[in-house]
Each structure stands twice: as structure tokens, then as C-alpha cells.
There are 2 protein chains.
Amino acid sequence: MADAAFQRCINPACGAEFDCGQAIFKCPQCGDLLDAQYDWDRVAVPDKLSEFGKRWATRDRRLDLSGVWRFRELLDFCPDEHKVTIGEGQTILQQNCAIAEHLGMKPDALHLQYEGLNPSGSFKDNGMTAAFSHAMMVGATSCACASTGNTSASVALYAHSCGLKCTVFIGSGRIAFGKLSQAMDYGAQTIQIAGDFDDCMRQVQAVCTELGLYLLNSLNPFRLEGQKTIMYRIIEALGWEAPDWIVVPGGNLGNSSAFGKAFLELKQLGLIDRVPRLAIVNATGADTLTDLVNNKKLVWNGGNVDQRIIDDYYADLTARHFSPHTCASAIEISRPVNLKKCLRAIDVCDGVVLAVTDEEICDAKALIGKYGLGCEPASAATIAGLKHLLARGTVAKDDRVACVLTGHALKDPNVTVNYHKDRLGEFSNAPIEVPNDLAEIIKLIR
Amino acid sequence: MADAAFQRCINPACGAEFDCGQAIFKCPQCGDLLDAQYDWDRVAVPDKLSEFGKRWATRDRRLDLSGVWRFRELLDFCPDEHKVTIGEGQTILQQNCAIAEHLGMKPDALHLQYEGLNPSGSFKDNGMTAAFSHAMMVGATSCACASTGNTSASVALYAHSCGLKCTVFIGSGRIAFGKLSQAMDYGAQTIQIAGDFDDCMRQVQAVCTELGLYLLNSLNPFRLEGQKTIMYRIIEALGWEAPDWIVVPGGNLGNSSAFGKAFLELKQLGLIDRVPRLAIVNATGADTLTDLVNNKKLVWNGGNVDQRIIDDYYADLTARHFSPHTCASAIEISRPVNLKKCLRAIDVCDGVVLAVTDEEICDAKALIGKYGLGCEPASAATIAGLKHLLARGTVAKDDRVACVLTGHALKDPNVTVNYHKDRLGEFSNAPIEVPNDLAEIIKLIR
């Protein structure tokens, strides 16, 4: 049924449509973002979401094993024979009473969706399984991406499993150590550009156009289709009910865009009764979205986004030679590619946007380690943001909240070790050195 | 039915038995290792292994979700109310045609069981869920372990989820960076002893005895009960058939011991027809098992192990001030705690033992990265060892082989980055630095 899918320009003044059999990711007519869209009447979507859960029983089938393709009718842009999977999306929503209590919430109200348990260690695998399926569908033979780290790891992993030649662009200096190790480990050609992420983003688009490489940044709308499934899994874990709030870190804004689209579609399909609210959390050192939405009053406005506000804002960034800076390298982005789609998500989900400091991120990260499975710094922006939203009363103490922890605790060990060893925060837990002597050791433990 | 379980000394000349309601892990009568044993007539083990697979359909039940407790009748030492789970064992056997072909094997013959996808990033979680269940059953309030890193991460994680006070002992210097970050992140008291792993191991046993802490090293027989389930999952993924070979890294030898016990029991219960062969791979810098088995001819001998061979060997290590050394820190152990149980596993599984160099480990690790999901150095000893066994003809090209990859690729990013950046081996893949200039970039990719 994959022929029920097409791409459409998100700008309603343009609205150009294209079939999915080509690798075009920006509207050739107006330059705006494209969206995967479906003629739902022609897709065999089950009547009830719970039907998807039954596929756990048939997980010896390749596509039912995948936490993405288990929901394949909801992202039906690609025939089954082209679908790529490496067993992504085996991630589980976990209730965390200890952190809930620490935040003053009702103990059963807080849930963490730890996407670090994906094969490459981050949520990106949800998107890549979908984008690489599209790449196979259009006959791509080589691919590229720009990355703060997680994307490069995921792209490199899927590229070798599909047999695609792969080049990843990273900025100089600002990449977490674990992530750099992955790009090399997974055998991608790794090109380190003298510049930041935004420079990489510009160059990769030019290179892909010039050399005909398949582009895997979140500009790619098929990635976002895969990322929708994070929401399906959260709903599944809550007995096919939407929570009151989804909290997500905001970087390139692919996740928030995908989540908004997921809920919009589920609502349109009559598969959920109500849409959860969305909270998107920036780091204060990379808070373009927060500034644009909260201060410049940028809104979706039915797709008629006021482009001048964005242009002026970016011109000012350029004039100031602004480079974003946060310890949460995964969200160290000042020109978010999916900005407009994210505005739509905020509209659909009655969303809020806020920014938290690096200190708050590091303390929240330590809290998630102390009482949970840990996460990378960017993921911890969720709990740091939730703390503010609770204090403001935006989120109620008994609201059911799901925070998306986007990356593995081991992605960025330096931040963790520094925080603890150098006693940088409230939860620092430095190791104690002791001679090889029983009496000395016992003195420490008593 | 947990009262059908008991502990028994593995020394047949002693054979003392104890109930499972106490925290004793060494025979109080002869000092030898203890084993969890079951009165199988009193345990409701299903007639067919495939019955366990049906629990995928009921995974909204806490114990059915766990990849360990899904098989609970096969490790039935603990009432359900004490069972601890954090969703461990969601790991999948993956066929890897590319590495098979690289090794000259039949393409469908090679499978990798990547235990790095456990919550703490290593196979240890399989054991800890079982051991912490026992800790809860005996009413423990505090616990400790010595660790080359993976154990400390897993213990710290389970301890906070059970509310136990936790102390982990690490050696100085020889701990992988990612692993150190986890011990601190998960909130354990981390004590770094001036010494190597063997020193830590001695001290933790003394401290636990002195202060009544629950001991979580692989001396603990209940950990091994949990580790048996890695084999159940492999068999499950192969349609409930045993492979021809299991290949596993050899460090403290808990895994090989557990795997041998798993197959012995499955055979006794009539749940499998034949037992796979077991290959245990040391690093040459920590090859006690290889030396004892291949050169000193140490054997299980129905449990009557020649203790003098071991004592002489260890006395010589002491006299030489020998300290093991390998880049594969997880198996940098010269006095393996589970040596005797491992000899039994070798006996049960017609096992072989060999050692591989650090260079071979690093090249194999890069191969697993290039064509698989990656792994930590110790895990790669499996593929390095398999290469030797194929060359010798011990393993045939069409034998069905399952290699156990014990730890996550991100556990030890330093080894990865050094191998690639410093071009240390056959598969090194260094990043290329380039100015922020399109023409320069395109020149590199063409």
C-alpha cells in the first residue's frame, strides 16, 4: 500500500506534492520543508492501536521485531522488501517513582522513555531505519550526514548494514568522545570540518546536491516518520492511552516535529481521544526556539509562518558571530532545521518551550543516573525543564508525564566523570582513593 | 516452588548442602564454590522450551518482560515477590553474514549475541537481576563488589533500584573510562584501591565478611543462574535449537560456568537433544585458564579437581609478582574466581580454551564495529578466537556459531578512538580534518 504515500510542501501557499520515489527533501518550488503524507483511506490501519501490540507474539518475523516497523501502517511510505531493520526500537517506558518524588510529583506520575537502548545508543535509530528504507527504495548507493555525534553513529551503523558508502561530517572540537568513537568504529568516512554544527549542516547539503549522495539529516522527512514511533511505544506502555505531557529536548527539532505529527495523525485517524501537551526544552546556550516562540511570538499560524521573524533572527546571529554553546552537545544547535514543523507540533499539542542552564542539565543528569538508567546530557534537559514547569504550575503534580531520554549514558562519559570527580554539582559522587589495606577500607564504609 | 532450590558444594568429596535463605557463597565446610541446585521434580518446568517464547505475548507482566525471568522456572530459587527486574535481557541474537564471509565461514553460520544492549551496557545485568533477587530474599540492606568496571556499573544500577546501600571497589588505573563514569553516575560509593583486580577481589570478600555486606561478585552462585538465560535466548533465537559452538571471552569465568550449567540442566531435563561445544577465549596477557587447561592439563575429573596444580600456579604468579595486562580490561584477571565451575563447563560442553593477543582483539573489535553493532574489547576476543579455531579446523566453516558479545561498544571509547586515530591496525579508520570549504570537501569524497 506504499503508493498511498506522497510528499507535500508544508507551506500552504505552495502545497506542492511529489511522490516518494525520489530523494528530494526540500520543496523544489519554494524551498520549504517537505512532509510525508498518506491517503489514509488507502492504508490498512487497524481500528485499534492495541492491534499493534499483538505483534510482540510474532516477533520472529523481521518487521514485527522492530519497534518502528511494528507500527508500519502508520508510516506506510515504502514497500516491505525495501524496509531496513537492525532491531531498533526495543525500548521501554519506565516509571520512575524516585525521581517523581524528588520533583514533588505523585510517585506514579513520571515515566522515562530511554531511547539510549537503541543499537547505536540513541533515538536516531528510529529515524534512520525509516530513512534508509527510503534510501533503498530510491536506489541510493552512497549517503552522508552532518552530526553532533548521535546522527553520525546511527547513519554509519545503518549504512554498513545496507551496503551504502557513507560519509559523516562532524564539527571540530564539539563532539562527545563516545560518539566520535562510534563514527570511526562503524566504518564511515569521517570528515571533521573546521567549524560548528551549523557549518557542517550547510556543507553536507551542498555536497549531497553536488555529488548525488542521499542526505540523512533530519531535513529528511522519512526520518521523522520513524521517530513518530517513539510516541506509539509510549502510548503502548501506558495501555494505549496518551500521557498528559511529553517532554523532549530541543535541538534540530526533529523529535518534537515528529511527535506532533504522530499525535495529529492518531487524532485524525480516531485512534486516540486526546493529544498530550508537549514541552520542548532548549539549553540556554542554544535557545533559538525558546527565544523565537516566547519572545518573538513566532507561531505556526496554519502554516503561514512569519518568515521575516526567522530571517531577522538568523541575520542577527550571523552579525553577532554567534556560536551556540552547551555541555549538551546533542542540542548545541542555533539554526534548527525543523523549526517550522516544530511550530506545527506546538500548535497541535498546545506546546510550551523553555530553556535550562548547563548546571541544571548536569544536576538533572546526575539525578537520572542516581535513580534511573542514566542518559546523555541533552536528555537530562527534560527533567531540568520539568522541574521549572512544575514550579510554575504549568505541569500539575499528578499529571502523567513521559520524558524522552534521547541518548545513552555512555555517549558522553567525560561530562559524567567531570561532574562527579570535580564535584561540580548537588549530586556529585566522587570516587575515594584508598591504599590496599583492609582496616583503611573498613573505616571508609562504616 | 522456590523451596525446591538449595545450594550444594561443587566438591564431591564435601557435597555439603545449604538452603537458599542465607547469604553464604563459599562452602563453610571446605571453602569450595557453591552451586544453586534444584529438585526438578518439584519445579513446574514446561515440557517444551517454546513455551517460554509465548511470554512475549504477555510482556505487560513484569516478569515476562524480563529476558531473564521469562525463563524463571529454570532458575527457581526465589519467590516471585522478591524478584527484582529493570527490564534486563532485551537482547537479540543477530546473524552476521559480513563477518562470517570475512572469516571464510558459510554466510548464515555466524551469530552475535550482543549483551551490550542491557540497561547497564553489559551481560552483567543478567546475573545481577538474579543476585539482587536473592539479596532481597535474604533481607540484605547493603551490598558490595569488586570490579573491572562492568560489574560495578550493574551492581550500582540494581542497588539503587532495590534501595540497597552500595559500595564498589575498583583497581587503580585499569578501568575503562565509560565504566568508571557509570559507577559514579549510578550513585554507588566508589572506592578505588591502590592495586589490581585481584587485590580488589580479596579485599571485597574480607569487607563483606567483616561488615555483613551482600557480596555481588561472580563467586555469588545466584548471579550465574541469571547468566544461564543468555543461552536460553540464543536457543530461542535459533528456533529452540542449540548451535554447534558457543564462543565466550574468559575473565572471571562466570559466563562460561553459567553456560555449561545451563546446557547440563537443559540436557538433564530433556529440553535439548545435544549440547553445543564451548570455546573460551583469554587474552594472552591474562591467560591463566589457557595455561592451566592446555599446558598443565587441569581437568574437572568428576569434580575432583587437582587443587595442587592450581595452588602451584598461583604461588608462581605471586612469586613472579605477576599482574595481568590486556587492553580488554573486562578479562584482565589472573586468578579467575569460577575456575572450577568453568572446568565443569568444559567437561560438559567438550570445550576448548585459547588465548589471543591484544592486536588480534583490537582488529576483531574493529571488524565487529565495521560490520556489526560494535562491542567492548573483551567481547571481540570471541571473533579473534574464532579465527584461530577456524584456521585449526576445530570449528568447521559451516558450523553454526554464536559469539557472546559481553559489553557495549561505548564502554571503552578510548580503545576505539586510539585504534582508529593512531592507525594501530588493519581496519583503522581515522577521521580526516578539512577546512570549512566545499571544494576541499568534495575533493575528499570523490
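This is a predicted model: local features need pLDDT of at least 70, side-chain atom pairs count only at pLDDT 80 or more; totals for chains, interfaces and linings use all residues.
A:Arg274 counts as partly exposed, at 39% relative accessibility, where partly exposed sits between buried, under 20% relative accessible area, and exposed, over 50% (1.4 Å probe, protein chains only).

Residues are numbered from 1 along each chain as its sequence is written, chains are lettered from A and ligands numbered from 1 in the order in which they are written, and side-chain values use heavy atoms, with hydrogens and water left out.

Okay, chain B. B:Asp244 and B:Arg274 meet in a salt bridge at 3.4 Å, N to O. B:Asp244 is in the loop between α8 and β10 (245-249) and B:Arg274 in the loop between α9 (254-268) and β11 (277-283) of chain B, so the pair ties together parts 30 residues apart in sequence. Helices here are DSSP runs (H or I, at least four residues), as are strands (E, at least two), numbered from the N terminus.

Now, buried or exposed: what are B:Glu225 and B:Lys228? B:Glu225 is buried at 1%, and B:Lys228 is buried at 0%. Their side chains form a salt bridge at 2.7 Å, N to O. They are three residues apart in helix α8 (residues 221-237) of chain B, which means about one helical turn between them.

Over all chains, the search finds 48 salt bridges. A:Arg55, A:Asp64, A:Arg72 and A:Glu73 are linked in a network of them.

On to the interface. How many salt bridges run between chain B and chain A? Two, and A:Lys365 with B:Asp185 makes a salt bridge across it, at 3.6 Å, N to O. Helix α6 (residues 177-185) of chain B gives the largest share of the chain B side, seven residues.

In contact terms (heavy atoms within 4.5 Å), 72 residues of chain B touch 73 of chain A.

In β14(B), B:Glu433 is the bridge partner of A:Gln192.

Methods: A salt bridge is a side-chain nitrogen of Lys or Arg within 4 Å of a carboxyl oxygen of Asp or Glu. Two strands pair if DSSP finds at least two bridges between them.
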